[in-house]
Amino acid sequence: MAGAAERAVDLGALTWPEAETAAAAAVLAVPVGSTEQHGPHLPLATDTEIATALARRLAAARPDVVVAPAVAYGSSGEHAGFPGTLSIGQHALEIVIVELVRSADAFAGVAVVSAHGGNDRPLRRAALRLAGEGRAVRVWSPPAPDPTDSHAGRVETSVMLALGPGAVRTGRAEAGPCRPLAEILPRLQRCGVAAVSPNGVLGDPAGASPEEGREILDRWAADLLAVLDGWP
Ligand SMILES: [Zn+2]
């Protein structure tokens, strides 16, 4: 599958006449990630890399999909206080997606592939607005995570090991609180992640492996493919 993903067509590599030829029959997949702390062991680009990998897998499985350059900033206000986290906030993200999709009218449809839960609400609002304008747009994000492993834990660490083991500082991996998200959510929403997890992790990366990461990626990619089956 990793080899197949290399066959994905990247919009940024096309000329405009090539894009013109492809667009009318193509779905534009826009990866949306974040630049956000992922504990002491995962890079700030984790969500962006996961979103891009999933969009490329979609394109490898569907020759009518073209992958746009990723939106590398999202709504990450809850991770403020961890140096390196850059957030454009919910409102700006919503507007960015509305304008970006409006500018993609040459394509048959736009599939927004997000890998950061904090982006969900503004992306849903953008999609509603765009659908109201008669545009073909879908927003997808990975199925809800294990509530005791919601950020930089075993799932994301495994996926990043599968995508490129060099990016994971395995020796720096450590657990954060493993209580169900619903229990810590009120304080997290009020005071941010740092108040409930000083190292930024919600879950435990122990046991993560590239094999598990490949299984998770295959599962998510299959879900994305199924959700967009026959669309637009
Ligand atoms: Zn993440």
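**Entry 1: ground rules**

I am working with a predicted model, where local features need pLDDT of at least 70, side-chain atom pairs count only at pLDDT 80 or more, and totals for chains, interfaces and linings use all residues. Residues are numbered from 1 along each chain as its sequence is written. My helices (H or I, at least four residues) and strands (E, at least two) are DSSP runs, numbered from the N terminus.

**Entry 2: the sheet**

I began with the strands. In what order do the strands of the open sheet lie? I read β1-β3-β2-β4-β5, 5 strands with parallel pairing. Two strands pair if DSSP finds at least two bridges between them. The edge strands are β1 (9–10) and β5, since each pairs on one side only. A reminder to myself: strands of a sheet pair through backbone hydrogen bonds, either parallel or antiparallel.

Then I walked across the sheet, pair by pair:

- β1 and β3 run parallel and are joined by 2 bridges; V9 has V66 in β3 as its bridge partner.
- β3 (residues 65–67) pairs with β2 over 3 bridges in the parallel sense, and V67 in β3 is opposite A29.
- β2 and β4 are parallel and joined by 6 bridges, with V110 in β4 opposite L28.
- β4 pairs with β5 over 4 bridges, again in the parallel sense.

I also found helix α5 (residues 120–132) packed on the sheet, where it touches β2, β4 (109–114) and β5. Its direction makes about 165° with that of β5. For angles I use axes that are lines fitted to C-alpha atoms, for helices over the stretch in contact, and the angles run from 0 to 180 degrees between N-to-C directions.

**Entry 3: how enclosed are the strands?**

I count a residue as buried if 20 or more other C-beta atoms lie within 10 Å of its own, exposed if 12 or fewer, and partly exposed in between, with C-beta atoms placed from the backbone. In β2 (residues 27–32), 6 of the 6 residues are buried, so this strand is largely enclosed by the rest of the structure. V27, A29 and P31 point one way, L28, V30 and V32 point the other way, and all are buried. In β4, 5 of the 6 residues are buried, so β4 is also largely enclosed by the rest of the structure.

A111 counts as buried because 26 other C-beta atoms lie within 10 Å. Which residue stands opposite A111 in β5? I found R138 there. Leaving out residues up to four places away in sequence, A111 touches V27, A29, R138, W140 and L228; contact means C-beta atoms, placed from the backbone, within 7 Å. The C-alpha atoms of A111 and V66 are 10.0 Å apart, although 45 residues separate the two along the chain.

**Entry 4: helix α6**

Is α6 largely enclosed or largely open? 10 of the 10 residues of α6 are buried, so the helix is largely enclosed by the rest of the structure. What covers those buried residues includes α3 and α9.

I took α9 (residues 210–227) to begin with: its axis and that of α6 (residues 154–163) come within 7 Å and cross at roughly 95°. That makes the two helices roughly perpendicular, a label for angles of 65 to 115 degrees (under 35 is roughly parallel, over 145 roughly antiparallel, the rest oblique). V155, S158, V159, M160, L161 and A162 of α6 meet P210, E212, G213, R214, I216 and L217 of α9.

Next came α3 (residues 46–61), whose axis comes within 11 Å of that of α6, crossing at roughly 65°. Here T46, E49, I50 and A53 of α3 meet E156, V159, M160 and L163 of α6.

Most residues other than glycine have a negative phi, and most peptide bonds are trans. A152, in the loop between β5 (137–140) and α6, has a positive phi near 60°. A152 counts as buried because it has 29 C-beta neighbours inside 10 Å.

Which residues does a cis peptide bond join? I found W231 and P232, with omega about 5°. P232 lies in the segment after α9.

Definitions and conventions:
Two residues are in contact if their C-beta atoms, placed from the backbone, lie within 7 Å.
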